[in-house]
Amino acid sequence: MTDRKARVASWTRKAVARLKPYYKAPLAGDPLRLDQNTTLFGNNPALAKVRTTDLDLTQYPTRDSDALRLALADFHGLPEDRFVCGNGGDELLDILCKAFGEDGATIATPWPSYSLYPHVAQVAGLRFHPVPTKRGFAQLDVDGMLAAKPRLAVVASPNNPTGTRFATGEIERLAEGLDGVLVVDEAYIEYAGLKHSFLPRLDAFDNVVVLRTFSKAYGLAGLRVGYLAANEELARMLNAAKAPFNVGVLPEALAIAALDEQEWVDAGVKAVRQERDRMAAALAKRGLKVHPSEANFLLTEPPAGASETADLLRRNGILARTFTDAALQRCLRFTVGKPEHTDRVLQALEAMR
Ligand SMILES: Cc1ncc(COP(=O)(O)O)c(C=O)c1O
């Protein structure tokens with residue numbers, strides 16, 4: 001067996017052999033999932049409206065999800081050739097790294113941020129360059145990002161796991177100064193009260209890509225559909241780089257139907273924004289430091305320690321997100337759901353007093 005391990009390692013690219021597996025949630029006991037920033041408001045009504053028997057699954061989907069791109073074009077008011085669809089935003093991040101990251105080139109991101117960025121970068125053979133945020137987690141270090149001379153810069157805004165939305169002017173300054181591609185990852189943008197944000201102005205930039213997902217405000221994390229929007233040349237390059245047929249017929253149909261459920265999306269976003277304020281105040285009252293958030297989660301620093309608090313919550317059937325990264329060791333992140341979910345957390349925390 002050891003021999004096999006060594007042989008497999010000898011065939012594997014060094015960067016991949018060194019990879020630590022991505023976070024896997026401990027799911028024993030079917031806990032309340034407050035660890036993955038997904039909706040706690042039930043299934044998107046689109047699910048009940050798509051008649052699966054009307055779909056033809058004997059054939060592949062179109063190569064580049066043409067029907068979904070048309071629906072996205074209609075929704076955002078952009079031509080359809082500005083869109084690239086993927087198996088979740090995560091696949092699109094992978095494609096971006098492969099398309100624009102020459103072996104050994106640098107990818108820079110403000111740090112802390114989404115822990116998948118270093119993972120996909122490492123798999124693609126890129127050098128990962130984290131640039132610490134300024135004023136706590138609040139501000140982008142644009143000059144620090146530019147000094148890294150990255151081929152690819154990725155800025156999540158609102159950022160995960162901090163919840164910060166970076167100033168548009170700073171993001172634009174970064175785009176303008178960069179000789180490379182800037183990905184603005186807007187996975188959580190709906191929770192900041194915005195629907196189109198950067199998208200209407202994409203044609204003004206040679207180098208900006210905006211990433212979106214159906215996994216958060218659309219409540220469809222299990223569907224695995226995301227998309228990006230960019231100018232026509234970037235989109236053409238990325239559609240060429242991706243695998244054909246990468247979004248299935250069924251997920252594509254559901255994603256299109258979900259775009260018609262804006263009232264449901266808006267109601268969920270409104271409820272989260274309300275509860276976010278209440279939860280932040282209640283946690284702060286119990287002594288946790290709570291970082292300001294424009295997303296559907298709160299990053300906190302519990303006085304009793306992050307892992308101790310996470311353990312206590314787990315014993316009470318609640319999963320919150322801990323981190324191994326040095327910048328986040330004191331931090332525990334909670335998804336914001338309904339008042340009853342917050343109340344369960346508050347009750348469990350009472351036991352620590
Ligand atoms: C910042 C950020 N970007 C992108 C994603 C990707 O989401 P998905 O692959 O589900 O579309 C996530 C998911 O948690 C995220 O937090």
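1. About 50 Å³ of space lies in the largest cavity. A cavity here is a set of points, on a 1 Å grid over the protein atoms alone, where a 1.4 Å probe fits but cannot get out. Grid points are joined across faces, edges and corners, and a volume is the space filled by probe spheres set on the points. The lining of the largest cavity consists of Thr 39, Phe 41, Tyr 191, Lys 216, Ala 217, Trp 264, Val 265, Gly 268, Val 269 and Val 272; lining residues have an atom within 4 Å of a point. The structure holds three cavities of 30 Å³ or more.

2. On provenance: this is a predicted model, in which local features need pLDDT of at least 70 and side-chain atom pairs count only at pLDDT 80 or more, while totals for chains, interfaces and linings use all residues. Residues are numbered from 1 along each chain as its sequence is written, and side-chain values use heavy atoms, with hydrogens and water left out.

3. The largest pocket holds about 740 Å³ of space. A pocket is an open set of grid points with protein on both sides within 12 Å along at least five of seven lines. The pocket is lined by 24 residues, and those closest to its centre are Lys 20, Pro 21, Ser 115, Thr 324 and Asp 325. Helix 6 (116-123) and strand 11 (318-320) are the elements that give two or more residues to this lining. Helix 6 supplies the largest share, three residues. Helices (H or I, at least four residues) and strands (E, at least two) are DSSP runs, numbered from the N terminus.

4. Seven strands form an open sheet in the order 2-8-7-6-5-3-4, with mixed pairing. Its edge strands, strand 2 (83-86) and strand 4 (127-132), each pair on one side only. From one strand to the next the twist averages 20°. Two strands pair if DSSP finds at least two bridges between them. Strand 3 (residues 106-111) pairs with strand 4 in the parallel sense over six bridges, and Thr 106 has Arg 127 of strand 4 as its bridge partner.

5. Which residues of strand 5 are buried on each side? Leu 152, Val 154 and Ala 156 are buried on one side, and Ala 153 and Val 155 on the other, so that both faces are covered. Five of the five residues of strand 5 are thus buried, where buried means under 20% relative accessible area (1.4 Å probe, protein chains only), exposed over 50%, and partly exposed in between. Strand 5 pairs with strand 3 in the parallel sense over two bridges and with strand 6, also parallel, over five bridges. Leu 152 stands opposite Ile 107 and opposite Val 181 in strand 6.

6. Helix 5 (residues 88-100) lies across strand 2, strand 3, strand 5 (152-156), strand 6 (181-185), strand 7 and strand 8 (226-230), and runs at about 45° to strand 8. Helix 9 (residues 232-241) also packs on the sheet; it touches strand 2, strand 6, strand 7 and strand 8, and its direction makes about 30° with that of strand 2. Axes are lines fitted to C-alpha atoms, for helices over the stretch in contact, and angles run from 0 to 180 degrees between N-to-C directions.

7. Thr 213 lies in strand 7 (residues 208-213) and is buried, with a relative accessible area of 8%. A polar atom of its side chain lies 2.9 Å from the backbone nitrogen of Ser 215. Leaving aside neighbours within four places in sequence, Thr 213 is in contact (heavy atoms within 4.5 Å) with Gly 89, Ala 187, Tyr 218, Val 225 and Gly 226.

8. A second open sheet has three strands in the order 9-10-12, with antiparallel pairing. Strand 9 (289-290) and strand 12 (332-335) each have a single partner strand, so one side of each is left without a neighbour in the sheet. Strand 10 (residues 297-301) and strand 12 share four bridges in the antiparallel sense, with Leu 299 opposite Arg 333. Helix 11 (residues 262-285) lies across strand 9, strand 10 and strand 12, at about 10° to strand 10.

9. Helix 10 (residues 249-259) is largely enclosed by the rest of the structure, because eight of its 11 residues are buried. These are Val 249, Glu 252, Ala 253, Leu 254, Ala 255, Ala 257, Ala 258 and Leu 259. What covers them includes helix 3 (46-49), helix 4 (66-76) and helix 11.

Technical notes:
Polar contact = N/O pair within 3.5 Å; in protein donor to acceptor, adjacent residues only side chain to side chain.
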